[in-house]
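Subject: Structure for your review

Hello,

Here is the structure we spoke about, with the sequence alongside. My notes on it follow below.

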Amino acid sequence: FFFRMFVQVCLYFYCKCLWRCLKFVVRKLTGRCELQRICYNTKPGAARTMKIEASLKGSKSKRLQTSVSVHPDAIEKTIDDIMELKRINPDINPQLGVSLQACLLQIVGYRNLIAEVEKLRREPYDSENPQHEEMLLKLWKCLKPNSPLKARISKQWCEIGFQGDDPKTDFRGMGLLGLYNLVYFAEWDTEVAQQVLCDSLQPKYRQTLNKCGCFCSSRYSFAIVGINITDLAYNLLVSGALKTHFYNVAPEAPTLTHFQQTFC
């Protein structure tokens, strides 16, 4: 216990004092602040953006700390403030402003993406909403183009992996987000989605033990598994585990489309 406390005190002292002193010395020796060193020495992508984000959040300046949560329209003004605060001449360092802007677009965009995804997750499926109903029917048409749906409430929904006659009850956990992802998958990569659906109906793809201890074949539910994967992707997004991926694939702000492609 005392050893852990000692280590924590040492780390605190290092972060608060020694690290700041070290940065000050390095700046004096190189003539560049930490943000400059990161942008000039690290290639564009997740590595650079993650370092810039950590540097801004760990700064003793409140203006720098809050720069990671500004409105997208205020990013250019924020870059000017950072350059002024760090006493960096934008005419001598034009590329720095461009690099910082790209990083901030990704950082702010990730936060906004979480808010957008959360809004969809919290919105329940409403069978009285024509847009919701249209999306649900679109899912059926994409997955089963040669099998017309006989009725809105029908056992046919079980053919694409829903649990009952009315799919709306299966969206309770993920709300509209679950439906959005399934429809995007079915539209964006229709051939693969139809193949995955076909595989889900083939017993040979899964072997389970029955009550007697013998192996038996069983299927998986396409729609339900899709909603569960949406839940997984949502948790990875909120936890920050998808930052590295999005900072690498999105040159600017990551969008809902990037999230849906990750789901696919």
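A salt bridge here is a side-chain nitrogen of Lys or Arg within 4 Å of a carboxyl oxygen of Asp or Glu. Arg152 is partly exposed, at 22% relative accessible area, while Asp166 counts as buried at 15%. Please keep in mind that this is a predicted model.

Overall layout

The protein has 264 residues, and 39% of them count as buried. It contains twelve helices and two strands. In sequence order the pattern reads α-α-α-α-α-α-α-α-α-β-β-α-α-α. The accessible surface is about 15800 Å², with 57% of that belonging to carbon and sulfur atoms. If you take the contacts between residues at least 6 apart in sequence, 60% of them join residues at least 24 apart.

Salt bridges

Another pair is Lys144 with Glu159, at 3.3 Å from N to O. Glu159 is partly exposed, with a relative accessible area of 32%.

Arg122 and Glu118 pair within a helix. Their closest N and O atoms are 2.6 Å apart. The two residues are four apart in helix H6 (residues 94-122), and are therefore separated by about one helical turn.

Helix H6 and what it touches

Helix H3 (residues 46-57) crosses H6 at roughly 85°, and the two axes come within 9 Å. H3 is therefore roughly perpendicular to H6, given that angles of 65 to 115 degrees count as such. On the H3 side the contact is made by Arg48, Thr49, Ile52, Glu53 and Leu56. On the H6 side the residues are Ser99, Leu100, Cys103, Leu104, Gln106 and Ile107.

Val117 is also in helix H6. With 0% relative accessibility, Val117 counts as buried. Which residues does Val117 contact, leaving aside its neighbours within four places in sequence? They are Leu177, Tyr234, Leu237, Leu256 and Phe259. Val117 and Phe259 are 142 residues apart along the chain, yet their C-alpha atoms are separated by 8.7 Å.

Helix H7

Lys138 sits in helix H7 and is partly exposed, with a relative accessible area of 30%. Apart from its neighbours within four places in sequence, Lys138 is in contact with Val183 and Glu187. The C-alpha atoms of Lys138 and Ala186 are 8.8 Å apart in space, although these residues are 48 apart in sequence.

Two surface features

Phe1, Phe2 and Met5 form a nonpolar patch on the surface, and together they have about 400 Å² of accessible area. Met5 belongs to helix H1 (residues 2-30) and is partly exposed, at 38% relative accessible area.

Arg87 is in the loop between helix H5 (75-85) and H6. Where does its phi angle lie? The value for Arg87 is near 55°, which is positive in a residue other than glycine. Arg87 is exposed, with a relative accessible area of 78%.

Regards

Key
Residues numbered from 1 in each chain as written. Predicted model: local features only at pLDDT ≥ 70, side-chain atom pairs only at ≥ 80, totals over all residues. Heavy atoms only, no water. Buried < 20%, exposed > 50% of the residue type's maximum accessible area, 1.4 Å probe, protein only. Patch = residues over 30% accessible without salt bridge, like charges linked within 9 Å, V, L, I, M, F, W, Y side chains within 5 Å. Areas by Shrake-Rupley, 256 points an atom, 1.4 Å probe, with all protein chains shown as cover. Axes fitted to C-alpha atoms, helices over the stretch in contact; angles between N-to-C directions. Parallel < 35°, antiparallel > 145°, perpendicular 65-115°, else oblique. Contact = heavy atoms within 4.5 Å.
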